[in-house]
2 protein chains.
Amino acid sequence: MTYCVALRLTEGLVFLADTRTNAGVDRIATFCKMKVIEHPGERVIVLMTAGNLAITQGVMNRLQEEIELDGEAWTLRTVPDLYRAARLVGAALRTVYAADGAALAAHEISFEASIAIGGQIQGERMRLFQVYAAGNFIEATDDTPFFQLGEHKYGKPILDRVVTKDTTIDEAIKLALISMDSTLRSNLSVGLPLDLVIYRNDELQVGLRRRIDSDDPGFRAIRERWGSALRDAFKSLPQPDWK
Amino acid sequence: MTYCVALRLTEGLVFLADTRTNAGVDRIATFCKMKVIEHPGERVIVLMTAGNLAITQGVMNRLQEEIELDGEAWTLRTVPDLYRAARLVGAALRTVYAADGAALAAHEISFEASIAIGGQIQGERMRLFQVYAAGNFIEATDDTPFFQLGEHKYGKPILDRVVTKDTTIDEAIKLALISMDSTLRSNLSVGLPLDLVIYRNDELQVGLRRRIDSDDPGFRAIRERWGSALRDAFKSLPQPDWK
């Protein structure tokens, strides 16, 4: 399983992904689910993947080569805008589906993949998309400024209640880590280390890229303090008077 | 969909269930998913059901009649202990499966049902079980003092972090309502009103039974305050120093 969360805030973008993959409970491995393409001053594109690892690795491999859109050939390093970048990802997904979909279906394996892609290209505003297995996609908006991939339910309530487009990047880092921690506790197939990337609007270079493991002091402090902060929060609630 | 939570604490039992059922998004109805059997001074048994409504109503109807266990015929009103009460529920599930399972399978409808049953019968300790669709069951223990039925993921992190066997009933009421509120916000097919039942250890009568709707002042206060309490809690967390 996988849990990834991407936030598109006025201040910038925050991406957080776990690294665990599994096939059953006894075939566990660590794979980076995040890819960063950075030409400082010109473009930053971040991708995060969830779903069947053979499919998502196939897509990432396909994206190394040129893909034709509207009669022109592009890669993520050359594409002139993020809308086309999302279309490239969709096209790569469709290529993999065309190659592997029937064989997977014969083995009753569903074609599961979803990919978040966000960033900024010079001359364009910052954008964030979520691409589905069928290659179609949606874009994050001010109303819904975050996307979750994979095992999303455990970590959703805290995001639903707190995140707005005006959440700061510093707040969003904490929220993403809390959301991830809730998921790590409840689903063993989501696991450390984590990959975190921050992008600040209009900077056209990665603001922070960090691998976070269980001994990371910043993450440890959040994990340890969040439990007691939650307990204090619920103790502060009024007791219903139904006697 | 459904969300029910049952807690077995040293102080007593807490049961909370939503009332929404749906078949698709445009066939929504309200059904009570909780049944209370009370002979004050002798027994209190509370059942909550999740899954296919035709199945769970079939089970509840079957439980109105005598069911044979080990050569004797019992109902929930006569059974001498809660272990046998859970077995009665399992037997009723198997009767419904024998009657309807093949027809449901022909329509590719899976036989989905799970039932929480808890309470106390004179001369016996308080117990809580969760009965699966196959009619087998597990019992809540000090290590895992709560069961969730139905749409459990959104409301699980708060329970995982806070509930122990020594949680008080008053605390557990608030926690169950917070857990339910997180689920209500994230899944439209879980809906108000709620049914709440409290049982205090060794009292052999229901401690509190209440239907809670959106205008319930106690529940409203918790819903309104929890959002701001969560925001305050996350703001109190230390910012990771990764610069």
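This section describes how two chains pair in a predicted model and then turns to selected residues within them.

The same surface serves both of them, as 100% of the contact residues of chain B recur in chain A.

The interface was examined next. In it, 46 residues of chain B are in contact with 46 residues of chain A. The two chains bury about 4,400 Å² between them. Carbon and sulfur atoms account for 64% of that area. On the side of chain B, the most area is lost by Arg161(B), Phe234(B) and Trp242(B). Together these residues make up 23% of what that side buries.

Polar groups also meet across this interface. The rule finds 20 residue pairs in polar contact between chain B and chain A. It also finds 4 salt bridges between these chains. In a salt bridge, the side chain of Asp181(B) meets that of Arg161(A), with 3.0 Å from N to O. Several elements of chain B each supply at least two residues to the side that touches chain A: α3 (156-162), α4 (169-186), β14 (206-212) and α5 (217-235). Helix α5(B) gives the most, with 13 residues. By type, the residues on this side of chain B divide into 23 nonpolar, 7 polar and 16 charged.

Two buried residues of chain A were then considered. Thr19(A) sits in the loop between β2 (12-17) and β3 (20-22). Its relative accessibility is 0%, so Thr19(A) counts as buried. A polar atom of the Thr19(A) side chain lies 2.8 Å from the backbone oxygen of Pro193(A). Residues up to four places away in sequence aside, Thr19(A) touches a run of residues that includes Ala29(A), Thr30(A), Phe31(A), Cys32(A) and Lys33(A). Among its other contacts are Gly191(A), Leu192(A), Asp195(A) and Arg211(A). Gly90(A) belongs to helix α2 (residues 82-106) of chain A. It counts as buried because its relative accessibility is 1%. Beyond its neighbours within four places in sequence, Gly90(A) is in contact with Val131(A) and Gly135(A). The C-alpha atoms of Gly90(A) and Ala134(A) are 7.3 Å apart, although 44 residues separate them along the chain.

Most residues other than glycine have a negative phi, and most peptide bonds are trans. The bond from Leu192(A) to Pro193(A) is cis, with omega near -5°. Pro193(A) lies in the loop between α4 (169-186) and β13 (194-200) of chain A. In chain B, a cis peptide bond joins Leu192(B) and Pro193(B), with omega about -5°. Pro193(B) is placed in the loop between α4 and β13 of chain B.

Positive phi values occur in chain A. Glu108(A) is not a glycine, yet its phi is about 55°. This residue is in the loop between α2 and β9 (113-121). Glu108(A) counts as exposed, at 75% relative accessibility. Leu204(A), also not a glycine, has a positive phi of about 55°. The loop between β13 and β14 (206-212) holds Leu204(A). With a relative accessible area of 12%, Leu204(A) is buried.

Arg200(A) is partly exposed at 27% relative accessibility. Glu11(A) is partly exposed too, at 36%.

In chain B, Glu139(B) takes part in salt bridges with Arg125(B) and Arg127(B). The N to O distance is 3.4 Å for Arg125(B) and 2.7 Å for Arg127(B). Arg127(B) is in strand β10 and Glu139(B) in strand β11, 12 residues apart. Arg127(B) is buried at 13% relative accessible area, whereas Arg125(B) is partly exposed at 48%. Glu139(B) is partly exposed at 25%. In chain A, a network of salt bridges links Glu124(A), Arg125(A), Arg127(A) and Glu139(A).

Technical notes: Residues numbered from 1 in each chain as written. Chains lettered and ligands numbered in written order. Predicted model: local features only at pLDDT ≥ 70, side-chain atom pairs only at ≥ 80, totals over all residues. Heavy atoms only, no water. Contact = heavy atoms within 4.5 Å. Buried area = accessible area lost by both parts, 1.4 Å probe. Polar contact = N/O pair within 3.5 Å; in protein donor to acceptor, adjacent residues only side chain to side chain. Helix = DSSP H or I, 4+ residues; strand = E, 2+ residues; numbered from the N terminus. Nonpolar A, V, L, I, M, F, W, Y, C, P; charged D, E, K, R; others polar. Buried < 20%, exposed > 50% of the residue type's maximum accessible area, 1.4 Å probe, protein only.
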